[in-house]
Amino acid sequence: MVILHYPNRTVKVRKALSPVETTNQIHRSIQMTEPHYRLSAADLADTGRWRLIIYISARGMTAYLLSVADTEIPAGRIFDTAWEPDKATLLSNIENAVYDNPRVLDDYSADIIIDTDRILWTRRCEDYTEAEDMFCELYHTEPYDIFIHETDGLAALFTLSPGLKGFLDRTFPGTRISSSLSLMADTLSRITPDEPTLYLHCHDSKADYLLISGGKLLCGVSHDVGSAADAAYIIFNMAEVYGIAPAELNVRCDNDSQTMAWLRENVSHLLRSVA
């Protein structure tokens, strides 16, 4: 029997969700509990019933299976492995995680999410050579190590480790690859009201800030998690840079109750709303 691990909060997949929106649900349910559901190897061998979701960061790697045939089955974890951040061993750690878990090499349709703060936004276009040159100068990398995720009107160029793009292209050909930041931006821009809204999402040791207005992404950046006061500084700075009055800005903090409580107590009177 193959044991799958499931989130505290069951994620039910509605047919109305696009693959991108579905993947975002998985990303937002990263915390797992003890196993409580079992599927046979024969069930899992029917790869057409499942979508594989792989989440990669500098600190570890996780793989999930999402049922596309039965909406009552929540997202299930195949494996979850962690390591100390080390640029010298990151690629080999990722390769070993894949080879140690051959289930992920089965013929699943798949999405890969890469968590990285080495990202550059540009307008969506036919030729990204100029943007790639700028990215290489900024992050001291090579063009063949750059991933590109195109969203509505924008494209995110990003990288995590030298050699990773080549490995993923060879091992998971045809798989959709996005950064966690561009994936959230793509989804949130579709559901955000017209008024300016800043989303704060904390995970691991990083905090993602996404500023969206009129259904369009204005800015998406990642910073090291700091104090709530640091978060407030970044929020107000982003608003100022893009000419948004704080009184017009909604702030949404989805998974950091302490930061949200601090913002409500200290700066909510300056903002349109904090939730």
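Mentor: Let's begin with Lys165, which has a relative accessibility of 22% and therefore counts as partly exposed. That label covers the range between buried, under 20% relative accessible area, and exposed, over 50%, with a 1.4 Å probe and protein chains only. Before going on, please note that this is a predicted model, in which local features need pLDDT of at least 70 and side-chain atom pairs count only at pLDDT 80 or more, while totals for chains, interfaces and linings use all residues. Residues are numbered from 1 along each chain as its sequence is written, and side-chain values use heavy atoms, with hydrogens and water left out.

The side chain of Lys165 meets that of Asp169 in a salt bridge, at 2.8 Å from N to O. Here a salt bridge is a side-chain nitrogen of Lys or Arg within 4 Å of a carboxyl oxygen of Asp or Glu. Both residues belong to helix α5 (residues 164-171), where they sit four residues apart, about one turn of the helix. Helices (H or I, at least four residues) and strands (E, at least two) are DSSP runs, numbered from the N terminus. The structure holds nine salt bridges.

Arg124 pairs with Glu150, and their closest N and O atoms are 3.2 Å apart. This pair ties together distant parts of the chain, since Arg124 is in the loop between β7 and α4, whereas Glu150 is in strand β8, 26 residues apart. Arg124 is partly exposed at 45% relative accessibility, and Glu150 is partly exposed at 33%.

Now look at α4 itself, residues 129-139. Its buried residues are Ala131, Glu132, Phe135, Cys136 and Tyr139. Viewed down the axis of α4, they fall within an arc of 140°, so they line one face of the helix; the arc is that of the directions from the helix axis to the C-beta atoms. On the face turned away from this buried side you will find the exposed residues Glu130 and Glu137. The cover over the buried residues includes β7 (119-123), β8 (147-150) and β9 (154-158), as judged by contact, meaning heavy atoms within 4.5 Å. Just past the end of α4, His140 has a positive phi of about 55°.

Follow the chain into β8, part of that cover. In a regular strand the side chains alternate between the two faces of the sheet.

β8 has a partner in β9, and the two pair in the antiparallel sense over four bridges; strands count as paired if DSSP finds at least two bridges between them. One example is Phe147, whose bridge partner in β9 is Phe158. The two strands form a hairpin with three residues between them, and Gly153 in the turn takes a positive phi of about 90°.

Finally, step back to the whole chain. Its secondary structure comes to eight helices and 15 strands. Of its 275 residues, 49% count as buried. Among contacts between residues at least 6 apart in sequence, 60% join residues at least 24 apart.
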